[in-house]
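This briefing goes through one protein chain, topic by topic. Please keep the sequence and the 3D view open while reading.

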Amino acid sequence: MKLDRMIGILSVLLQQEKVTAPDLAKRFEVSRRTISRDIDALCRAGIPLVTRQGLNGGISIMEGYKMDRTLLSTSDMQAILTGLRSLDSISGTNRYARLMEKLSAGSSGLLMGDAHMSINLASWYKDSLSPKIELLHNAILSSQKVAFSYYAPKGESQRTVEPYHLIFQWSSWYLWSWCACRESFRLFKLGRMTDLRLAGPFKKRQAPLPDLSAERMFPNSYQVLAVIQPEYKWRLIEEYGPESFTVQPDGTLLFSFGLLDKASIVGWIASFGAGAELLEPYEFRRDIAAFAEEIQKKYKQP
């Protein structure tokens with residue numbers, strides 16, 4: 001859409017001192033003539049754009065011009081403030097609260113953002129998480145390596161990384177970084193990191209964004225078929241959606257879904273107690289029985 005493209009062009013010009021028409025045409029996948037028309041339209045709308053030809057030429061916003069905040073509608077401002085408030089929920093410095101006050105100055109009714117939407121990115125461990133986020137964010141901005149202890153299912157390890165991106169995904173915070181130990185980019189879960197400390201400067205390398213698709217991160221190695229008692233319907237709906245099961249004539253739920261590995265399947269079935277029976281993969285039934293025997297042995301009265 002033309003309006004969306006013009007807002008996009010304006011956003012680029014606000015972030016970059018100068019940009020060429022061919023660059024804009026490539027970015028927005030349109031012709032240079034279309035970009036020229038968009039630039040003319042922005043000028044007619046009151047945005048003083050300057051176009052210079054030749055070497056080191058390009059398009060820029062007139063020096064000294066201040067953007068009028070009225071370019072943003074009330075709903076735009078509310079959306080921005082709602083997003084800032086969500087970031088402030090994990091910040092240890094109130095940086096975003098102060099920014100919210102600046103943006104909403106003279107418009108106190110906007111300060112809370114969208115009153116019908118609340119986004120809180122904090123965890124149960126906010127007291128320990130916020131300092132980690134602050135340290136890692138500063139390390140990214142200042143190109144400082146970070147060393148830490150990392151706890152994973154395969155054991156504890158000491159890592160030194162070049163941090164590039166903080167990512168909130170799957171209800172948790174992660175760090176995307178170059179790991180010196182593995183000599184590749186790795187995703188680290190902040191909740192598993194302890195004893196964080198700066199470890200000296202580094203020269204930034206090309207850092208591709210991680211592929212966080214479910215197919216890449218959680219490949220379905222096994223197709224699970226299980227009978228679940230009806231009192232656990234809420235769990236199946238919450239964790240896998242209503243399409244993951246069918247209701248059988250006796251009221252039980254026939255669950256079918258792809259899961260990652262044997263350990264997660266055994267643990268998941270065991271979490272239902274006697275309320276679930278694994279049908280497939282059939283060979284895992286033996287592992288579940290052994291798991292149950294170990295639990296019984298541990299808690300059996302002497």
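In which sense do strand S3 and strand S4 pair, and over how many bridges? Strand S3 (residues 144-152) and strand S4 (residues 155-169) are paired in the antiparallel sense, over 7 bridges. The model is a predicted one, in which local features need pLDDT of at least 70 and side-chain atom pairs count only at pLDDT 80 or more, while totals for chains, interfaces and linings use all residues. Residues are numbered from 1 along each chain as its sequence is written, and side-chain values use heavy atoms, with hydrogens and water left out.

**The chain as a whole**

- The chain has 10 helices and 11 strands; helices (H or I, at least four residues) and strands (E, at least two) are DSSP runs, numbered from the N terminus.
- Of the 302 residues in the chain, 35% are buried. Buried means under 20% relative accessible area, exposed means over 50%, and partly exposed lies in between, with a 1.4 Å probe and protein chains only.
- Among contacts between residues at least 6 apart in sequence, 57% join residues at least 24 apart; a contact means heavy atoms within 4.5 Å.
- The chain exposes about 19600 Å², and carbon and sulfur atoms supply 54% of this area. Accessible areas come from the Shrake-Rupley method with a 1.4 Å probe, and for residues only the protein chains shown count as cover.

**The five-stranded sheet**

- An open sheet of 5 strands runs in the order S6-S5-S4-S3-S7, with antiparallel pairing. Its edge strands are S6 (184-189) and S7 (193-201), each of which pairs on one side only.
- Neighbouring strands of this sheet are turned by 45° against each other on average, direction ignored. For such angles, axes are lines fitted to C-alpha atoms (for helices over the stretch in contact), and angles run from 0 to 180 degrees between N-to-C directions.
- Two strands pair if DSSP finds at least two bridges between them. In general, strands of a sheet pair through backbone hydrogen bonds, either parallel or antiparallel.
- Phe-148 stands opposite Arg-159 in S4.
- Strand S5 (residues 172-179) and S6 pair in the antiparallel sense over 6 bridges, and Tyr-174 stands opposite Lys-189 in S6.
- The hairpin of S5 and S6 has 4 residues between the strands, and Glu-183 in this hairpin takes a positive phi near 55°.

**Two residues in the sheet**

- Ser-177 belongs to strand S5. Is Ser-177 buried or exposed? Ser-177 counts as buried because its relative accessibility is 0%.
- Leaving aside neighbours within four places in sequence, the contacts of Ser-177 include Val-161, Glu-162, Pro-163 and Tyr-164, as well as Ser-184 and Phe-185.
- Thr-160 lies in strand S4 and is partly exposed, because its relative accessible area is 32%.
- Thr-160 and Ala-147 are 13 residues apart in sequence, and their C-alpha atoms are 4.2 Å apart in space.
- Not counting residues up to four places away in sequence, Thr-160 touches several residues, among them Lys-145, Val-146, Trp-178 and Ala-199.

**Salt bridges**

- The structure holds 5 salt bridges; a salt bridge is a side-chain nitrogen of Lys or Arg within 4 Å of a carboxyl oxygen of Asp or Glu.
- One of them joins Glu-162 and Arg-205, with the closest N and O atoms 3.0 Å apart. This pair links distant parts of the chain, 43 residues apart: Glu-162 is in strand S4, and Arg-205 is in the loop between S7 and helix H7 (214-217).
- Glu-162 is buried, with a relative accessible area of 8%, whereas Arg-205 counts as partly exposed at 35%.
- Asp-287 forms a salt bridge with Lys-262, the closest N and O atoms being 3.6 Å apart. Asp-287 lies in helix H10 and Lys-262 in helix H9 (residues 262-270), so the pair ties together parts that are 25 residues apart in sequence.
- Glu-294 and Lys-297 also meet in a salt bridge, at 3.6 Å from N to O. These two residues are separated by about one helical turn, because they are 3 residues apart in helix H10.
- Glu-294 is partly exposed at 49% relative accessibility, and Lys-297 is exposed, with a relative accessible area of 59%.

**A nonpolar patch**

- Phe-291, Ile-295 and Tyr-299 make a nonpolar surface patch of about 330 Å². Patches are made of residues with over 30% relative accessible area and no salt bridge; like charges are joined within 9 Å, and nonpolar side chains (Val, Leu, Ile, Met, Phe, Trp, Tyr) within 5 Å.
- Phe-291 is found in helix H10 (residues 285-299), and is partly exposed, with a relative accessible area of 39%.
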